[in-house]
Protein chains: 2
Amino acid sequence: MTRFKIGELAQAANVPRDTIRYYERTGLLSPPERTSSGYRLYDQSDVDRMRFIRAAQSLDFTLAETKSLLELKASDHAKASDILAVTLAKLDQAKLKVERLGHIREILQKLADACPQDAATDACPILDFLSNGDFVELGSKEQKTSKMERTTTLTTRRELT
Amino acid sequence: MTRFKIGELAQAANVPRDTIRYYERTGLLSPPERTSSGYRLYDQSDVDRMRFIRAAQSLDFTLAETKSLLELKASDHAKASDILAVTLAKLDQAKLKVERLGHIREILQKLADACPQDAATDACPILDFLSNGDFVELGSKEQKTSKMERTTTLTTRRELT
DNA sequence: ATAACCCTTGGACCATGGTCCAAGGTCAAG
DNA sequence: CTTGACCTTGGACCATGGTCCAAGGGTTAT
C-alpha cells in the first residue's frame, strides 16, 4: 500500500491541507499514522474517505451527519434502515427548502415583473411589498437546535457528535 | 407621536431586544433618541422599519442587502431600477438554489426508494453512491467572494497575481 | 425604601465549515 | 551548508445572524 503525506492527499481530494487537519480535529478522519518525524501518513482508503465526505457534502449533509454515516458504514451491527433514516431526514429537509425557495422565487418574479424600471422608488412594488409587512410565511431557513446546557466548558475542542 | 422603549419595540416587532441593538450596531437601524437617562426611544416608524427588515429576511435578503434596500428607499436620487437590480440578483440566487436542491431531492428520493431496509449496510445503495464518489455537480451552496486558492506548489509553482 | 423590573454597556459566545498565520522541525537537491 | 519545499502545532480569524452575560443605573409599585 502506497503511503503519502498530507499534501498529496490534499491534491487527490482537491481540498486544502488545513481542511484535512480540520476533519481530523472534528473526528471525521481518524488520526493517521505518523512518520518518525511526525508527518501524517495516508493511503488510498483515506482518499476514498475524503471522497465520501465530499460527496455527502454535495448532497447537503452536514459534517456531523456525514460523520454518522461513516460510523454506520463502519459498524457491523448497523442496518441499511439506519442509513435510510438519515437519508429520509435529509430528503425531507430538501423538500421543505425547495418549497420555500420556490415560493420566494415566485414572489420575487412577480415583483420584478411589476416593477416600472424608470419610476421613482416611491412607485416600486418591491418596496411596497416589504413595507407592508407582507411577510413570507413558510418555514424558516433553519430549524432551530434546542438550546444546550452550558456547563463551564473551558478549553473544550469542538467535536462533531 | 407616541414614543416607547426598546422592550416595546421588541414586542411589536416580535424579536428579542438584543436583536434591535444588534441591528443598530450593524447600521440597519439608526441610533435612536435617548431619554435623559440614556434609554432608547422609538416610534411607529421604527416598528415599520423592523417589519421591513423581517419581510426582507423572509425573502432571503441578507442584512447587508436589506440595508442597501433601506438606503435606496430613503434616497431621493435612487430609481426603482436600483431596487429591481437587487431583486433580480436575489431572484437569480433563488432559481439556482431551487435547481440545486431539486436535484438533491431527486437523488435522495431515488436512493431511498432503492434502499432495502432490512439489508446490511453493505447492500445499501446510499453508501454505494457516496463511496463511489458520484458527486453532485451543481453550483456550490454559496458563491464565494474571491477565494485565495493557496494550493501550494507541490511540484508546480504558481505565480502570484 | 425596597423589591421588581426596565434599561445601559462591552464583550464573550453559539453554530458551520473552514482558512490563515507564526514559529519551528524535516528532508532532498545543489 | 544553505535553500526551498514540505511538514508540525496552537490559536486567531472569517462570514452570518444573532444570543447571553455581568455589572451597574433608572423607574415603578407597594
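Please keep in mind that the model is predicted. Chain A has six helices and two strands, and 40% of its 161 residues count as buried. Two aromatic pairs turn up over all chains, and a cavity of about 30 Å³ is lined by residues of chains A and B, among them A:Leu101 and B:Leu59.

**The fold of chain A**

- Take the contacts in chain A between residues at least 6 apart in sequence: 57% of them join residues at least 24 apart.
- The accessible surface of chain A is about 10100 Å², and carbon and sulfur atoms account for 49% of that surface.

**The aromatic pairs**

- A pair of aromatic rings is described by two things, the distance of the centres and the angle of the planes.
- Over all chains, the structure has two such pairs.
- In chain A, the pair consists of A:Tyr22 and A:Tyr23, with 6.1 Å from centre to centre and 45° between the planes, and it is tilted.
- A:Tyr22 has a relative accessibility of 26%, so it counts as partly exposed.
- A:Tyr23 is buried, because its relative accessible area is 3%, and buried means under 20%.
- In chain B, the ring centres of B:Tyr22 and B:Tyr23 lie 6.1 Å apart and their planes stand at 45°, so this pair is tilted.
- B:Tyr22 comes to 37% relative accessible area and is therefore partly exposed, while B:Tyr23 counts as buried at 3% relative accessibility.

**The cavity**

- Rolling a probe the size of a water molecule over the atoms shows where empty space is left.
- From chain A, the lining of the largest cavity includes A:Leu101 and A:Ile104.
- From chain B, the lining includes B:Leu59, B:Asp60, B:Lys90, B:Gln93, B:Ala94 and B:Lys97.
- Two elements give two or more residues each to this lining: α5 (80–113) of chain A and α5 (80–114) of chain B.
- The largest share of the lining, four residues, is supplied by α5(B).
- Sorted by class, the lining of the largest cavity consists of four nonpolar, one polar and three charged residues.

Key. Residues numbered from 1 in each chain as written. Chains lettered and ligands numbered in written order. Predicted model: local features only at pLDDT ≥ 70, side-chain atom pairs only at ≥ 80, totals over all residues. Heavy atoms only, no water. Buried < 20%, exposed > 50% of the residue type's maximum accessible area, 1.4 Å probe, protein only. Contact = heavy atoms within 4.5 Å. Areas by Shrake-Rupley, 256 points an atom, 1.4 Å probe, with all protein chains shown as cover. Phe/Tyr/Trp six-rings, centres within 6.5 Å; stacked < 30°, edge-to-face > 60°. 1 Å grid on protein atoms, 1.4 Å probe; cavity = no way out; pocket = protein on both sides within 12 Å on 5 of 7 lines; lining within 4 Å. Points joined across faces, edges and corners; volume = space filled by probe spheres on them. Nonpolar A, V, L, I, M, F, W, Y, C, P; charged D, E, K, R; others polar.
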